[in-house]
Amino acid sequence: MLLAAAPVDDVWSIITECEASTGWVGTHSDVLSSLASPGRPACTAFSDPDQLQVEFCEDASQPCGIDPRTNRRWGPYSQRATESLRLVGFPDDYATEEEPVPEPDRVAVGALLVMQAITGIQLRHEHLTGSWIGGLSSKIAP
């Protein structure tokens, strides 16, 4: 897998994974749990033709996930994660007509909204400009 990374601030980084034809390394539970620390969840989003998912890990615990289009969730959600998602418009259960998920103008914006809620970081254009470091992953995808 080809990885490219850039700092967001003195604590956070953004990493882009490309060419994951055999799987996404960033979704592995050991990768997410090793990157998470108290108060600093690790978060990843990926899109394949049939799915869009956000996965995250808080405090090196078991990873959780959400489909931002349907609000389908899995894993042990903390109260903080549930409340953060509720504050940006995601209901506590599956989306219904009475309690829909946010409807952004593009599907990927829903994933970004989830990631911002989980991490507390508002990704801005300037985070994507400047120098990036690239390389190949040493982790083998499943």
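Let's start at a strand pairing: isoleucine 66 sits opposite arginine 73 of E6. Keep in mind that this is a predicted model.

- Strand E5 (residues 64-66) pairs with E6 in the antiparallel sense, over two bridges.
- Both belong to an open sheet of four strands, ordered E3-E4-E5-E6 with antiparallel pairing.
- E3 and strand E6 (73-74) are the edge strands; each has a single partner strand, so one side of each is left without a neighbour in the sheet.

**Glutamine 53**
- You will find glutamine 53 in strand E4, which covers residues 51-57.
- Glutamine 53 counts as buried because its relative accessibility is 9%, below the 20% cut-off.
- Its side chain makes a polar contact with the side chain of glutamine 51, at 2.7 Å.
- Beyond its neighbours within four places in sequence, glutamine 53 is in contact with Thr44, Ala45, Phe46, Ile66, Pro68, Arg72 and Trp74.

**The largest pocket**
- The volume of the largest pocket is about 1,200 Å³.
- Its lining takes in 36 residues, and Ile14, Ile15, Cys43, Thr44 and Met115 lie nearest the centre.
- Strand E2 (13-18), helix H1 (29-35), strand E3 (42-48) and helix H3 (107-119) are the elements that each give two or more residues to this lining.
- Sorted by class, the lining of the largest pocket holds 24 nonpolar, ten polar and two charged residues.
- Thr44 links two of these topics: it is in contact with glutamine 53, and it is among the residues nearest the pocket's centre.

How values were computed: Residues are numbered from 1 along each chain as its sequence is written. This is a predicted model: local features need pLDDT of at least 70, side-chain atom pairs count only at pLDDT 80 or more; totals for chains, interfaces and linings use all residues. Side-chain values use heavy atoms; hydrogens and water are left out. Buried means under 20% relative accessible area, exposed over 50%, partly exposed in between (1.4 Å probe, protein chains only). A polar contact is a pair of N or O atoms within 3.5 Å; within protein, one must be able to donate a hydrogen and the other to accept it, and residues adjacent in sequence count only if both atoms are side-chain atoms. Contact means heavy atoms within 4.5 Å. On a 1 Å grid over the protein atoms alone, a cavity is a set of points where a 1.4 Å probe fits but cannot get out, and a pocket is an open set with protein on both sides within 12 Å along at least five of seven lines; lining residues have an atom within 4 Å of a point. Grid points are joined across faces, edges and corners, and a volume is the space filled by probe spheres set on the points. Ala, Val, Leu, Ile, Met, Phe, Trp, Tyr, Cys and Pro count as nonpolar, Asp, Glu, Lys and Arg as charged, and the others, Gly among them, as polar. Two strands pair if DSSP finds at least two bridges between them.
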